[in-house]
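Trainee: Hi, could you walk me through this one? I'd like to start with the terms.
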Amino acid sequence: MKAAGTAATNGPEGDAEAGSMPETKAPSTNSFSALKPFIIISVSYLLYTMTDGAIRMIVLLNAYNLGFTAWYG
């Protein structure tokens, strides 16, 4: 039979060895893997947006150099 204070000193289980703790992984190793898809999608969207804007500006400036305007006449 166990002593009265055994469960309080060894934790809630009562039969764990003194000083032993459950093994846990460091949160920093898993946090990057969780953010990796978000980073990839965000960078891809940013690059697409910049490229699309640059192409639109090239087309707009080329049309302006050819004499196109927004007004009839």
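Mentor: Happy to! Buried means under 20% relative accessible area, exposed means over 50%, and partly exposed is in between (1.4 Å probe, protein chains only). This is a predicted model, where local features need pLDDT of at least 70, side-chain atom pairs count only at pLDDT 80 or more, and totals for chains, interfaces and linings use all residues. Residues are numbered from 1 along each chain as its sequence is written, and side-chain values use heavy atoms, with hydrogens and water left out.

Trainee: Thanks! How many salt bridges are there?
Mentor: There is one salt bridge, and its partners are the side chains of Asp 52 and Arg 56, at 2.9 Å from N to O. The term stands for a side-chain nitrogen of Lys or Arg within 4 Å of a carboxyl oxygen of Asp or Glu.

Trainee: Where do Asp 52 and Arg 56 sit in the helix?
Mentor: They are four residues apart in helix H2 (residues 27-65), so about one helical turn separates them. Helices (H or I, at least four residues) and strands (E, at least two) are DSSP runs, numbered from the N terminus.

Trainee: New topic: what is the secondary structure of the chain?
Mentor: The protein chain has two helices and zero strands.

Trainee: And how much of the chain is buried?
Mentor: Of the 73 residues in the protein chain, 3% are buried.

Trainee: Where does Leu 35 lie?
Mentor: Leu 35 lies in helix H2 and is partly exposed, with 45% relative accessibility.
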